[in-house]
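Here are my notes on the model, as numbered points. Please read them with the coordinates open.

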Amino acid sequence: MLIFKSWGKAKMVDEKYFTPQEAAEILSTKDDKVLAWIHSNELDAIDVAKSKNSQRPRWRISESALGRFIISRRKTRKWGEPCPQ
């Protein structure tokens, strides 16, 4: 559970959140690739660093954002095209 502060109000969120390293494990890739997807806006993530001016962002990726990313990266086959073996 994460707590976000916006407009002076704390908001609790029940959704599961992953670090880039955890997301990399799920996606079977390196965490550098996950960070590249975050920086290119292909993968939605939230910077949970304590201050906006911090030198290093601390990214968290929601379960729903990761699911949308996985679906968007699926390769679709044309009708009648055989499955890859």
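1. Leaving aside residues up to four places away in sequence, Thr19 touches Trp59, Arg60 and Ile61, where contact means heavy atoms within 4.5 Å. Thr19 sits in the loop between strand 3 and helix 1. Its relative accessible area is 19%, so Thr19 is buried; buried means under 20% relative accessible area, exposed over 50%, and partly exposed in between, with a 1.4 Å probe and protein chains only.

2. On provenance: this is a predicted model, in which local features need pLDDT of at least 70 and side-chain atom pairs count only at pLDDT 80 or more, while totals for chains, interfaces and linings use all residues. Residues are numbered from 1 along each chain as its sequence is written, and side-chain values use heavy atoms, with hydrogens and water left out.

3. The chain has three helices and five strands, and from the N terminus on they run β-β-β-α-α-β-β-α. Helices (H or I, at least four residues) and strands (E, at least two) are DSSP runs, numbered from the N terminus. Of the 85 residues, 24% count as buried. Among contacts between residues at least 6 apart in sequence, 41% join residues at least 24 apart.

4. Which strands form the open sheet, and in what order? Three strands do, in the order 3-5-4, with antiparallel pairing. Strand 3 and strand 4 (46-47) are the edge strands, each pairing on one side only. Two strands pair if DSSP finds at least two bridges between them. Strand 3 and strand 5 are joined by two bridges, and strand 4 pairs with strand 5 over two bridges as well.

5. Individual partners can be checked on the display. Tyr17 stands opposite Ser62 in strand 5.

6. Ser62 belongs to strand 5 (residues 59-62). Is Ser62 buried or exposed? Ser62 counts as buried because its relative accessibility is 10%. Not counting residues up to four places away in sequence, Ser62 touches Glu15, Lys16 and Tyr17. The side chains of Ser62 and Ser64 are joined by a polar contact of 3.3 Å. A polar contact is a pair of N or O atoms within 3.5 Å; within protein, one must be able to donate a hydrogen and the other to accept it, and residues adjacent in sequence count only if both atoms are side-chain atoms.

7. In helix 1 (residues 20-27), the buried residues are Pro20, Ala23 and Ala24. They cover an arc of only 105° around the axis, which puts them on the same side of helix 1; the arc is that of the directions from the helix axis to the C-beta atoms. What covers these buried residues includes strand 3 (17-18), helix 2 (31-39), strand 5 and helix 3 (63-73).

8. Two residues deserve a backbone check. Most residues other than glycine have a negative phi. Ser28, which follows helix 1, has a positive phi near 55°. Ser28 is found in the loop between helix 1 and helix 2 and counts as exposed at 68% relative accessibility. Asn41 also is not a glycine and has a positive phi of about 65°. Asn41 is in the loop between helix 2 and strand 4, and at 66% relative accessibility Asn41 counts as exposed.

9. The second largest pocket holds about 200 Å³ of space. Which elements give two or more residues to its lining? They are helix 1, helix 2 and strand 5. The lining consists of Pro20, Gln21, Leu35, His39, Arg56, Pro57, Arg58, Trp59 and Arg60. On a 1 Å grid over the protein atoms alone, a pocket is an open set of points where a 1.4 Å probe fits, with protein on both sides within 12 Å along at least five of seven lines; lining residues have an atom within 4 Å of a point. Grid points are joined across faces, edges and corners, and the volume is the space filled by probe spheres set on the points.
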